[in-house]
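Subject: Handing over the structure

Hi,

Here is the structure I promised to pass on to you. Please have a look at it first, and then read on for what turned up in it.

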Amino acid sequence: MDPLEVRTPAEREAALFAALPGLIAHAQAHSPAMSERLAGIDPSRITDRATLAALPVLRKYEVLEQQKTQRASDVFGGFATIGWRGQPARHGHGQSDGARRVFQSPGPMYEPEGEALDYWRMARAIRAAGFERGDLIHNSFSYHLTPAGSMMETGAHALGCTVFPGGVGNTELQLQAIQELRPHGYIGTPSFLKILVEKAAEAHTGGGGLGQICKALVSGEAFPPSLRDWLIERGVQAYQCYATADVGLIAFETSARQGLVVDEHVILEIVRPGTHNPVPDGEVGEVVVTVLNPDYPLIRFGTGDLSALLPGPCPSGRTNQRIKGWLGRADQTTKVRGMFVHPSQIAEVAKRHPEILRARLVVEGEMSADRMTLHIEVATASENLPTRVAETLRDITKLRGNITLLPPNTLPNDGKVIEDARSYK
């Protein structure tokens with residue numbers, strides 16, 4: 001651990017929010033897209049979580065749409081402050097314009113990689129997984145188009161490790177390299193690590209395992225406890241991290257194996273899906289992050305992933321917030337009777353009726369014979385509330401639905417705003 005990871009929560013919060021006004025001012029000055037979104041905002045007033053929560057959440061589909069509309073002039077849609085010759089760069093870094101690499105993710109979306117050492121901040125997660133300076137790491141994340149391979153490699157280099165760029169596929173060649181190079185650990189998806197272990201056992205490579213590989217950092221997909229334990233039984237201690245192509249590392253697992261600790265350069269919020277509003281601690285919602293990255297200043301960026309905060313500090317001694325890990329997707333848009341219904345619409349229904357504490361739309365029946373019911377938690381219901389809510393639901397969604405009143409704390413704590421319970425047989 002480094003000193004940043006063991007700061008008191010108050011020290012960390014003060015440092016993050018002391019840096020935030022400068023990031024916002026930089027974004028307003030050098031990122032046309034963020035300048036438009038933050039028009040009229042005084043950066044000096046955004047100094048705590050309450051004032052940050054007043055800013056709009058930037059969701060991934062908005063970045064994608066803006067990139068598409070501006071592709072001919074700016075592939076980053078005006079969100080980045082770095083580029084290359086012929087591609088806008090607005091922060092005055094000089095002739096290089098600051099972009100070392102550019103990546104393409106599904107969409108397609110384009111992300112820049114700047115010149116900073118460990119640009120994606122992955123070294124912290126790699127160290128937490130047990131890697132040390134001088135280790136040889138077998139990196140099986142993709143080096144093609146997407147940034148995952150580069151994310152991990154630059155983090156490993158910052159930690160002082162050597163990297164074998166295995167990439168994806170070519171299982172037999174990768175096993176040969178593992179047998180001959182004898183790396184200390186693996187970085188990649190958990191499913192490919194399982195394939196490598198099984199193939200090595202079949203071929204009796206390295207005594208039935210992966211040679212001296214005894215540690216791993218996995219990401220990119222779910223890592224269930226059953227697979228974690230399966231790997232441990234075969235001599236591999238694997239830890240997971242949570243990162244995205246847009247912002248890099250968000251949180252990482254430690255030896256305590258109790259949730260994921262938030263990265264030191266991230267302000268993390270959990271908001272109700274379809275809204276801009278943080279949920280109470282412990283409630284499932286969408287992960288929203290603000291990363292202190294002046295090259296790509298995505299402020300209040302909605303990842304589209306669901307998680308929840310865990311109470312208390314990590315037993316490993318790290319003092320930052322912890323999240324439960326990946327709990328699903330926040331985009332629960334559902335088509336009902338030929339019309340799309342969005343979580344933001346359900347949030348708008350609740351907003352128009354202050355008595356509603358929480359709301360969840362349940363769609364049932366069979367395809368082409370849908371029926372939807374809005375379940376709402378209320379402490380006390382005023383006269384004709386179900387009728388008035390039903391009218392609001394129809395006004396906003398253009399669909400008829402039933403209303404069910406529930407007492408507080410009845411709906412499941414799973415982050416769902418729309419539940420599709422239809423039969424597709």
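A salt bridge here is a side-chain nitrogen of Lys or Arg within 4 Å of a carboxyl oxygen of Asp or Glu. Please keep in mind that this is a predicted model.

Counted by that rule, there are 29 salt bridges. Are the two partners buried or exposed? Arg12 is buried, at 3% relative accessibility, and Glu264 is buried too, with a relative accessible area of 4%.

Helix 1 also holds Glu13, whose side chain meets that of Arg49 in a salt bridge (2.5 Å, N to O). Arg49 belongs to helix 3 (residues 49-52), and the pair links distant parts of the chain, 36 residues apart. Here Glu13 is partly exposed, at 27% relative accessibility, and Arg49 is partly exposed at 26%.

There is also a network of salt bridges, which links Asp2, Glu5, Arg121, Arg124, Asp263 and Arg318.

Next, have a look at Lys215, which is in strand 7 (residues 215-218). Lys215 has a relative accessible area of 12%, so it counts as buried, the cut-off being under 20%. The side chain of Lys215 makes a polar contact with the side chain of Asp135 (2.7 Å). Beyond its neighbours within four places in sequence, Lys215 is in contact with several other residues, including Phe131, His184, Tyr186 and Val236. Gly130 is 85 residues from Lys215 in sequence, yet the two are 6.8 Å apart in space, C-alpha to C-alpha.

Finally, a helix pair. Helix 10 (residues 343-351) and helix 11 (residues 385-397) pack at an angle of about 145°, and their axes are 10 Å apart. The crossing of helix 10 past helix 11 is right-handed. Which residues meet there? From helix 10 come Gln345, Ile346, Glu348 and Val349, and from helix 11 Val389, Thr392, Leu393, Ile396 and Thr397. By class, this contact has five nonpolar, three polar and one charged residues. Glu348 also forms a salt bridge with Arg352, with the closest N and O atoms 3.1 Å apart. Glu348 is partly exposed at 27% relative accessibility, and Arg352 is partly exposed at 43%.

Enjoy exploring!

Best wishes

Terms used: Residues are numbered from 1 along each chain as its sequence is written. This is a predicted model: local features need pLDDT of at least 70, side-chain atom pairs count only at pLDDT 80 or more; totals for chains, interfaces and linings use all residues. Side-chain values use heavy atoms; hydrogens and water are left out. Axes are lines fitted to C-alpha atoms, for helices over the stretch in contact, and angles run from 0 to 180 degrees between N-to-C directions. Helices (H or I, at least four residues) and strands (E, at least two) are DSSP runs, numbered from the N terminus. A crossing is left-handed if the near helix is turned anticlockwise from the far one by less than a right angle, and right-handed if clockwise. Contact means heavy atoms within 4.5 Å. Ala, Val, Leu, Ile, Met, Phe, Trp, Tyr, Cys and Pro count as nonpolar, Asp, Glu, Lys and Arg as charged, and the others, Gly among them, as polar. Buried means under 20% relative accessible area, exposed over 50%, partly exposed in between (1.4 Å probe, protein chains only). A polar contact is a pair of N or O atoms within 3.5 Å; within protein, one must be able to donate a hydrogen and the other to accept it, and residues adjacent in sequence count only if both atoms are side-chain atoms.
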